[in-house]
Amino acid sequence: MMSEIEGAANWVAEARSVVVLTGAGMSAESSVPTFRDAQTGLWERFEPEQLATEEAFRANTSLVWSWYVWRSILIDAAEPNAGHEAIGSWQKHLAATGGFLTVATQNVDDLHERGGADGVLHLHGALQNYRCLDCNTPVAYDSRSAAIRPGQEFDDDNLLDPVTCSHCATGVLRPGVVWFGERLPEDVFSSAVHAVQHADLVVVVGTSGLVQPAASLPIIGQEADAKVIEINPVPTGLSNTADVYLQSTAAATLPRVLNRLLA
Ligand code: APR
């Protein structure tokens with residue numbers, strides 16, 4: 001893979017307008033399980049697709065609320081990995097030399113921001129942006145107030161009560177994520193489309209590429225003459241069409257590909 005890393009490093013060194021598209025694999029080495037990893041504990045009984053919907057939340061409010069608080073605690077306890085930090089440094093390097101780097105992520109965690117990236121486009125929302133399910137008012141909520149230890153398992157007897165909206169006092173809080181069946185935030189997605197249409201390099205990291213419309217972004221970039229590099233230890237539907245496919249992990253590969261540029 002050395003020559004491929006070299007090839008990727010050359011494109012990285014030359015790129016002036018970059019988009020980094022990430023999925024759950026980007027946070028895997030920060031101990032945040034990916035969406036399609038096998039779930040553990042109580043959550044083993046459910047596919048994420050069964051929990052990440054408004055219908056599921058309305059039907060099993062305590063169960064779905066507990067799942068999101070559990071994930072939020074896990075994310076709070078996680079640290080950005082070397083891949084997050086390499087992307088943050090790359091963005092700063094480009095900004096300082098007249099270039100531009102946009103991070104567009106499907107992840108609802110804040111690890112890109114904590115790894116130094118600014119202006120992150122959260123295509124599927126952000127977990128900690130809680131709002132009222134009924135009146136839609138954004139409401140601050142600190143999941144640490146739920147007094148759960150990171151990784152503490154749930155069972156049917158210790159599910160959390162949902163939190164009542166402090167604004168309308170009738171609705172309950174929901175996480176600021178895009179649930180299955182919901183539309184992506186239009187302004188965020190159109191910013192991501194604009195970015196890939198004007199990129200000379202698109203780096204796709206840690207996504208199975210199974211969920212539209214996020215999965216279309218690398219193709220839109222390629223159609224606008226951007227080079228595409230994919231980083232994923234498991235081949236995906238993009239791997240055969242990417243200009244370079246690096247079969248490795250985010251935290252191992254991004255620092256190597258950026259090493260020469262950031263040295
Ligand atoms: N480095 C890079 N990639 C990794 C790593 C790693 N350390 N570990 C796993 N991966 C890859 C897996 O091989 C897989 O291709 O990350 C990908 C994770 O895929 P998914 O779990 O499907 O996550 P993602 O692609 O982000 O899912 C997209 O689907 O369920 C919805 O809204 C949800 O945002 C999510 C969307």
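Predicted model: local features only at pLDDT ≥ 70, side-chain atom pairs only at ≥ 80, totals over all residues.
## Getting oriented

## Two exposed loop residues

With those labels in hand, let's start in the loops. Alanine 169 sits in the loop between E4 and E5. Its phi is near 60°, a positive value in a residue other than glycine. Is alanine 169 buried or exposed? Exposed means over 50% relative accessible area, and alanine 169 has 55% relative accessibility, so it counts as exposed.

Aspartate 225 is another one to look at. You'll find it in the loop between H9 and strand E7 (227-231). Aspartate 225 isn't a glycine, yet its phi is positive, about 70°. Its relative accessibility is 69%, so aspartate 225 counts as exposed too.

## A cis proline

Now hop to the loop between strand E6 (201-205) and helix H9 (217-223), where proline 213 is found. The peptide bond that leads from glutamine 212 into proline 213 is cis, with omega near 0°.

Helix H5 covers residues 61-77, which makes 17 residues.

In soluble globular proteins, nonpolar side chains tend to be buried together. In this model, the largest nonpolar core has 36 residues, and Trp43, Trp65, Tyr68 and Val69 touch the most other members. Two or more residues each come from helix H4 (54-59), H5, strand E4 (125-132) and strand E5 (173-177). H5 gives the largest share of this core, with 10 residues.

## Around the ligand

There are 20 residues around the ligand, and the ones that come nearest are Arg36, His124, Thr207, Ser208 and Asn232. By type, the shell splits into eight nonpolar, 10 polar and two charged residues.

In glutamate 29, a side-chain N or O atom is 2.9 Å from a nitrogen atom of the ligand. Threonine 34 has a polar side-chain atom 3.5 Å from a ligand oxygen atom. For glutamine 106, it's a backbone N or O atom that lies 3.2 Å from an oxygen atom of the ligand. How much of the ligand does the protein cover? On its own, the ligand has 730 Å² of accessible area, and the protein covers 89% of that.

Key
Residues numbered from 1 in each chain as written. Heavy atoms only, no water. Near = heavy atom within 4 Å. Polar contact = N/O pair within 3.5 Å; in protein donor to acceptor, adjacent residues only side chain to side chain. Areas by Shrake-Rupley, 256 points an atom, 1.4 Å probe, with all protein chains shown as cover. Nonpolar A, V, L, I, M, F, W, Y, C, P; charged D, E, K, R; others polar. Helix = DSSP H or I, 4+ residues; strand = E, 2+ residues; numbered from the N terminus. Expected span 1.5 Å × (residues − 1). Core = buried A, V, L, I, M, F, W, Y, C linked by side-chain atoms within 4.5 Å. Buried < 20%, exposed > 50% of the residue type's maximum accessible area, 1.4 Å probe, protein only.
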